Amino acid sequence: MAVKILIPTALRQFADGRAELHAEASTAGEVLEQLVGEYAELRRHLYNERGELRNFVNVYVNDEDIRHAARLATPVKDGDTISIVPAIAGGAGEANEAVVADGRTSAVGALPGLTNEEIARYSRHLILPEVGVEGQRRLKAARVLMIGTGGLGAPLGMYLAAAGVGTLGLVDFDVVDASNLQRQIIHGTRDVGRPKIESARDRLSDINPNVKIETYETRLTSENALELFRDYDVIADGTDNFPTRYLVNDACVLAGKPNVYGSIFRFEGQASVFWGARGACYRCLYPEPPPPGLVPSCAEGGVLGVLPGIVGAIQANEAIKIILGADGVLLNRLLLFDAWGMRFRELRLRKDPACPVCGENPTVRELIDYEEFCGLRAQPSQDAGESPATDFEEITAARLERRIEAGDALQIIDVREPHEYEIARIPGAHLIPLAQVVERAGEIDEDRETVVHCKGGVRSARAIEALRRAGFRGRLINLRGGITAWSDEVDPSVPKY
Ligand code: ZN
């Protein structure tokens, strides 16, 4: 027996791909020290320069959050489980008293009635005492705003429409792409190239023509979020990036709306209901976003197609329960789902009295610039160890091809994973996955110019940074846009994935 440490998907690359490790120790702090002693790369992901646990990484002993430094002394014993839970981005006033809040206390007479067609359609709800005619009328009166109509928004919207939620608002500015169809089941093959909100509206109206669909073909911004949220009872976040996650959270707290949250990465999902008026918000859980590039997106890291289906369906479940005024809403609880190990776990969340947006003395009283907050308008970083360096040389795919044609003695290093190399490759490239690039630096000739590439240019930038930190002296050049740009600009026969 010993203490079990669960390593999240995003950090496994720094722990020899292991999902679970064991340690013998008497405090949580000692366990983490053993972990970073064994896997040195993990240290900078878990601790900042001052040796404190990072804000975007939470550590739990069993189901208790021990993030605050003083609590690293938390004793652990044989059989305890330590979970490391980093932020993942992937994936989308007062509540309307007539519908939400303590729904059951509001006047039933104010709710819309049901037609005979609706009674037939919703009969399996009507015979559930927990829903019944009154609950179905509450659903009909309800207005849910969905941010994103992608992987999470697809099952979310389809189940909310099927359940008879009266009004669904859709916010999306994206266009359906062939690579969406593996998981975004609200869109079909014939929709490729169409705006997602149009395709989603058609599908939802087909599922249930009684539902009113309101579409907003726009990016959610600090300028429009509060106005958009005002007329809705529940906001469901199905987005895939950190700036929008923080924007949705803060706007929900300021507007007093519940935020039904879901996020996904590879095989791992998270779900919760953040509701500042009643409990923890997203910032209570993750006060700060990870530095850009540290947590890969689903486009870079991949995602199992079924995963957003499950997490989005959980979001639909919770949105419906909020509307019905049910007990047991996923408030102050973070649900973790591992689709590969097929395990659900649940961690307790606490409202943070010092939370900058929902705490006792909030400092965020209006919406801010979330791109800047998430470091995406990065000035050259003060903290060079954190984000990929921005001062390295870059080359375009077209220019690289011209130099190869001209016979330049370039070497090309591909830092993607072997299974990506199987899908598509640039001729002559030598594969060294990012996680091995430092230890295998000897395979790179320091006397030749080296072009480093990945899928889109992010991992290759990190590889260049890691090689430089490790003392590599050769000239390193990043391929801008990675193999995707190579396919676009040079050789369309190289498949895009
Ligand atoms: Zn909060």
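Modeller: A definition first: helices are DSSP runs of H or I with at least four residues, and they are numbered from the N terminus. Everything below describes a predicted model.

Start with helix α13, which covers residues 306–324 and includes Val306. How long should α13 be? Its 19 residues, at 1.5 Å a residue, should span 27 Å, and the C-alpha atoms at its ends are 27 Å apart, so the two agree. Is α13 enclosed or open? Of its 19 residues, 14 are buried, so the rest of the structure largely encloses α13.

Val306 is exposed, because its relative accessibility is 52% and the cut-off for that class is over 50%. Val306 also belongs to a nonpolar surface patch, together with Leu304 and Trp340. The accessible area of these three residues together is about 330 Å². Just after α13 comes Gly325, with a positive phi of about 70°.

Now the aromatic side chains. How many aromatic pairs does a search of the whole structure find? It finds nine. Phe274 and Tyr282 make up one of these pairs, in an edge-to-face arrangement. Their ring centres are 5.7 Å apart, with 70° between the planes. Both Phe274 and Tyr282 are buried.

Tyr370 and Phe373 also pair edge-to-face, at 6.5 Å centre to centre and 80° between the planes. Why does the sequence spacing matter here? Tyr370 and Phe373 are three residues apart in helix α14 (residues 370–373), so about one helical turn separates them. An α-helix has 3.6 residues a turn, so residues three or four places apart point the same way. Tyr370 is buried, because its relative accessibility is 4% and the cut-off is under 20%. Phe373 has a relative accessible area of 26%, so this residue counts as partly exposed.

Two arginines lie over aromatic rings. The charged end of Arg143 sits over the Tyr232 ring, 4.6 Å from the ring centre. Arg278 lies over the face of Trp275, at 4.2 Å from the centre of that ring.

Next, the loops. Which backbone angle stands out at Asp16? Asp16 is not a glycine, and its phi is positive, near 55°. Asp16 is in the loop between α1 (9–12) and β2 (20–23). At 66% relative accessibility, Asp16 counts as exposed. Asn62 is another residue other than glycine with a positive phi, near 55°. Asn62 is in the loop between β3 (57–61) and β4 (64–65). Asn62 counts as partly exposed, at 35% relative accessibility.

Is Val437 buried or exposed? Val437 is buried, with a relative accessible area of 1%. Yet its place is in a loop, between β16 (430–431) and β17 (450–453). Ile464 is 27 residues from Val437 along the chain, and their C-alpha atoms are separated by 9.1 Å.

Back to where we began. Helix α13 is largely enclosed by the rest of the structure, but Val306 counts as exposed and is part of the surface patch with Leu304 and Trp340.

Technical notes:
Residues are numbered from 1 along each chain as its sequence is written. Side-chain values use heavy atoms; hydrogens and water are left out. Rings of Phe, Tyr and Trp (its six-membered ring) pair if their centres lie within 6.5 Å; planes under 30 degrees apart count as stacked, over 60 as edge-to-face and the rest as tilted. Buried means under 20% relative accessible area, exposed over 50%, partly exposed in between (1.4 Å probe, protein chains only). Helices (H or I, at least four residues) and strands (E, at least two) are DSSP runs, numbered from the N terminus. A charge sits over a ring if NZ of Lys or CZ of Arg is within 6 Å of the ring centre and within 35 degrees of the ring normal. Patches are made of residues with over 30% relative accessible area and no salt bridge: like charges are joined within 9 Å, nonpolar side chains (Val, Leu, Ile, Met, Phe, Trp, Tyr) within 5 Å. Accessible areas come from the Shrake-Rupley method with a 1.4 Å probe; for residues, only the protein chains shown count as cover. A salt bridge is a side-chain nitrogen of Lys or Arg within 4 Å of a carboxyl oxygen of Asp or Glu. The expected span of a helix is 1.5 Å times one less than its number of residues.
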